[in-house]
Amino acid sequence: MHAMLTSSPFKPLLYCSSLLSSSKARVFSSSPLLPLMPAYYSSVPDVRHVVEAVAGKPSSQYSLSSSTDRVILQKPSKSRVVAYGRRSLLSELQELREEKDVAGPLEYETPLNVVLYPDPRLRAKNKRISVFDENLEKFAKDMFEVMYKTDGVGLSAPQVGVNVQLMVFNPEGEKGKGEEIVLINPRIFKYSNKRSLFTEGCLSFPGIEADVERPVSVKIDAQDIKGKKFNIHLKGFQARIFQHEYDHLQSTLFFERMTPDVLETIIPALEQLEREYQQRTGLPSPEKVKSKA
Ligand SMILES: [Zn+2]
């Protein structure tokens, strides 16, 4: 996440003064959380498919397609799905799910660079980390370096093109100051009812800042850089940064959390990033923002 903000009771941040002096109009209205992108729900075959697959269909009829992540097969005959199979089928499903979602040893190229919207790596699935080694520590360190260099306060692995469940943040946004936090495989298990509006920026959206409403605190569990599991209650600015980065790990981008009115104000800037992507890569933009107003 980029520096921000207008009305935080927390410590002032990088760029805070420039944001405060900005004459940009701000729209304050409440917004329901937006639904996640449909792709998240379709990435793992459902139980029915696995039941079908193990019920004796030839393998050609239930091959996993890596491009669509869909299981292609014929409708099963119910009589072929026998009760004794169900328990092992469920555990097979679990294994399939975990195998599919877990990253092996980390591989990445240096130097790390921040990828910009609409790079498809911001929408790719982020795998859970299972190998906690020196390479992972080095990666987290490198991410902090990129974050400080780009004046950020938080950064998620997909933003440097590595699709794993890791985020780093430091609310001070400055090397040698504040606390450096690394969260691996994080999950939110409780949101506060109280919500607040806050001006967010994102390193993958240079020059764009706008208001996003989110819960003021969250209870999470995660693993540290050594793989140790822990729970923590994040509040205030830490909760804000965490939720922004957590969204990245779910392939959700901050403009999807904006109200239609707020989104409207940044659509030209988003379209400009889409054009720049096309010019830079020679490829069509993998997504195009649509007005919700
Ligand atoms: Zn971001």
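# Questions on a predicted model

Q: What length does helix H5 reach from its first C-alpha to its last?
A: This model is predicted. Helix H5 covers residues 236-249, which is 14 residues. At 1.5 Å a residue, the expected reach is 20 Å. The reach in the model is close to that, at 20 Å.

Q: How many of the 14 residues of H5 are buried?
A: A residue counts as buried if 20 or more other C-beta atoms lie within 10 Å of its own. By this rule H5 is mostly covered. The number of buried residues in H5 is 13.

Q: Which residue just after H5 takes a positive phi?
A: Helix H5 ends at residue 249. Just after H5, a phi of about 65° is found at Ser-251.

Q: How many helices and strands does the protein have, and what share of its residues is buried?
A: The secondary structure comes to six helices and nine strands. The protein has 293 residues. Of these, the buried share is 32%.

Q: Which strands stand at the edges of the open sheet of five strands?
A: The order in the sheet is E3-E4-E5-E8-E9, with antiparallel pairing. Strands E3 (154-156) and E9 (229-235) each have a single partner strand, so one side of each is left without a neighbour in the sheet. From one strand to the next, the twist averages 40°. The edge strands are E3 and E9.

Q: How many bridges join E4 to E5, E5 to E8, and E8 to E9?
A: Strand E4 (residues 166-169) runs antiparallel to E5 (residues 181-191), and Val-168 stands opposite Val-182 there. E5 also pairs with E8 (residues 217-223) in the antiparallel sense, with Lys-190 opposite Lys-219. E8 in turn pairs with E9, where Val-218 stands opposite Leu-234. The bridges number four for E4 and E5, five for E5 and E8, and seven for E8 and E9.

Q: At what angle to E4 does helix H4 run?
A: Helix H4 takes in residues 134-149. H4 lies across E3, E4 and E5. Its angle to E4 is about 50°.

Q: Which residues of the largest nonpolar core touch the most other members?
A: In soluble globular proteins, nonpolar side chains tend to be buried together. The largest nonpolar core here has 50 residues. The residues that touch the most other members are Ala-140, Met-143, Leu-166, Met-167, Val-168 and Phe-255.

Q: Which residues does Ala-140 touch, not counting those up to four places away in sequence?
A: Ala-140 is one of the residues of the largest nonpolar core that touch the most other members. Leaving out residues up to four places away in sequence, Ala-140 touches Leu-166, Val-168, Val-182 and Ile-225.

Q: Is Ile-220 buried, partly exposed or exposed?
A: Ile-220 lies in strand E8. Its contacts include Ile-188, Ile-232 and Phe-242. A buried residue needs 20 or more C-beta neighbours within 10 Å. Ile-220 has 19 inside 10 Å, so Ile-220 counts as partly exposed.

Q: Over which residues does pLDDT stay under 50?
A: The mean pLDDT of the protein is 78, and 69% of its residues reach 70 or more. Where pLDDT is low, the predicted coordinates should not be read in detail. The stretch with pLDDT under 50 is residues 5-82.

Technical notes: Residues are numbered from 1 along each chain as its sequence is written. This is a predicted model: local features need pLDDT of at least 70, side-chain atom pairs count only at pLDDT 80 or more; totals for chains, interfaces and linings use all residues. Helices (H or I, at least four residues) and strands (E, at least two) are DSSP runs, numbered from the N terminus. The expected span of a helix is 1.5 Å times one less than its number of residues. A residue is buried if 20 or more other C-beta atoms lie within 10 Å of its own, exposed if 12 or fewer, and partly exposed in between; C-beta atoms are placed from the backbone. Two strands pair if DSSP finds at least two bridges between them. Axes are lines fitted to C-alpha atoms, for helices over the stretch in contact, and angles run from 0 to 180 degrees between N-to-C directions. Two residues are in contact if their C-beta atoms, placed from the backbone, lie within 7 Å. A nonpolar core is a set of buried Ala, Val, Leu, Ile, Met, Phe, Trp, Tyr and Cys residues joined through C-beta atoms within 7 Å. pLDDT is the predictor's confidence in each residue, from 0 to 100.
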